[in-house]
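Please read them alongside the structure.

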Amino acid sequence: MQHRHQLLCLALVAVAFASLPQLVAGKKIEKRCLNCSYRTYYTYGDGRSLQRVVYRDPVYTRAQSYGCSGSPCGVNAVCQEAAGGRPVCSCPPGFSGNPLTHCNRGECLDNVDCRGDLQCKDNRCVNPCVGACGIGSNCDARNHVAVCSCPAGYNGDPYHACHLNDPEEQCHPSPCGVNTKCEIINGVPTCSCVHGYLGNPLSGCRHECEYDGDCSSRDMCSNFKCVPACGQCGTGATCRNVANHRAVCECPKGYIGSPYTECRPECYGDSDCPAGRPACFYGICKNTCEGACGVGADCNLRGLTPVCSCPRDMTGDPFVRCRPFTKEDLCDPNPCGTNAICVPGHDNTGRERPVCNCLPGHTGNPLSHCSRGECLSNNECPDHRACINYQCIDPCIGKCATGASCEPKAHLAVCRCPAGQSGDALVSCRQTRTFPVAKYH
């Protein structure tokens with residue numbers, strides 16, 4: 001019987017816990033159990049309360065009066081029966097005090113009961129920064145947690161100790177690679193290669209080159225630096241090519257000397273030149289006729305000036321090209337008048353001569369001037385006119401036979417024989433002859 005009562009009592013207490021969302025502050029809980037006792041032992045911060053419901057079996061209560069049934073614990077305390085029905089009192093979570101007399105509710109149960117800059121510790125909302133950070137560090141309470149940091153100008157472990165920055169310490173040990181130097185610039189360690197070295201200063205710097213193979217095909221290694229191989233050429237020389245990182249040098253045309261030491265001009269004035277190349281141009285003795293005249297032209301020097309001319313049996317521009325005479329040369333330049341064209345022809349004796357003709361659509365004297373005609377086609381004339389010899393004229397003129405009538409239409413002559421006449425209106429019209437018709441009975 002006692003065991004059954006304990007189970008029933010615990011089950012009812014569990015029901016009271018499960019019905020917690022239905023317990024609203026300020027509302028009296030309906031007592032549905034006639035043999036139950038109700039006692040508030042936990043009150044939340046928002047006013048809600050949790051009650052303990054204890055069922056008292058009338059038969060069992062009369063038989064025994066010990067255990068938790070007599071509410072032996074203090075206010076807000078929880079009673080649990082140990083072996084043999086012995087009551088054990090304790091303060092519930094979030095409470096503290098003497099469970100036999102009174103349990104006091106703490107300020108909080110979890111961090112959610114405190115402001116964001118406080119944390120719940122021993123049921124109290126306290127500043128999480130107290131004792132959390134190291135010496136000389138700053139503390140900022142965020143979301144119930146202490147966030148420690150060193151002030152500006154300080155470094156170190158903010159949870160242990162912060163100390164004043166020494167900028168040079170950032171270069172000791174150096175974060176840079178070999179053959180580099182570390183400098184503090186604007187408070188930041190900056191790596192750079194030492195003079196004469198190159199590469200990535202973070203990983204290490206090296207000489208630009210140790211041998212020619214470290215340089216490009218047109219450079220050579222000199223004093224651990226890649227330099228243009230053409231620098232080997234002498235003064236005034238030109239670098240023709242680079243082979244195996246070595247320059248192939250030569251003196252310019254007309255210059256004399258060693259291309260690896262110095263090249264000098266062939267001449268400084270005309271007096272330094274021979275008779276076949278009498279002119280000194282930019283240090284070179286030249287024959288001024290070279291390249292001065294056109295193809296097939298003759299060149300003669302008058303002093304140092306070249307004089308170009310075509311041979312007697314040729315024509316053309318002596319500074320461009322000379323060629324043999326052709327019949328097309330009769331019309332170049334054009335000897336005809338304006339709006340006239342020239343074609344090679346012959347005179348009465350058979351000799352070649354230019355022949356002038358007016359351009360199509362033009363009339364006049366081709367030797368002096370040709371004027372454009374009135375029309376080039378029928379489309380440029382009225383319907384009753386036709387374009388004949390570049391003039392809009394009556395198409396009936398001379399088209400019909402004698403005695404026939406003519407009507408111009410669509411630029412054409414329409415010929416008809418008069419009434420009472422028949423025949424071909426383009427050839428002749430004649431009087432129509434009538435013959436009597438014989439009648440037979």
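1. Cys-322 has a relative accessible area of 6% and is therefore buried (buried means under 20% relative accessible area, exposed over 50%, partly exposed in between, with a 1.4 Å probe and protein chains only). Its disulfide partner is Cys-310, with 2.0 Å between the sulfur atoms (a disulfide is a pair of cysteine sulfur atoms within 2.5 Å). Cys-310 sits in the loop between β26 (305-309) and β27 (314-317) and Cys-322 in strand β28 (residues 321-324), so the bond ties together parts 12 residues apart in sequence. Strands (E, at least two residues) are DSSP runs, numbered from the N terminus. The S-S torsion of Cys-310 and Cys-322 is about -85°, so this link is left-handed.

2. The model is predicted: local features need pLDDT of at least 70, side-chain atom pairs count only at pLDDT 80 or more, and totals for chains, interfaces and linings use all residues. Residues are numbered from 1 along each chain as its sequence is written, and side-chain values use heavy atoms, with hydrogens and water left out.

3. Cys-396 and Cys-406 form a disulfide with sulfur atoms 1.9 Å apart. Cys-396 lies in the loop between β34 (391-393) and β35 (405-409), and Cys-406 in strand β35, 10 residues apart. The torsion about their S-S bond is about -80°, so the disulfide is left-handed. Cys-396 is buried at 13% relative accessibility, while Cys-406 is partly exposed at 28%.

4. Cys-230 is joined to Cys-239, S to S 2.0 Å. Their link is left-handed, with -60° about the S-S bond. Cys-230 is partly exposed at 26%, and Cys-239 is partly exposed at 26%.

5. By the distance rule, the count is 29 disulfides.

Key. Helix = DSSP H or I, 4+ residues; strand = E, 2+ residues; numbered from the N terminus.
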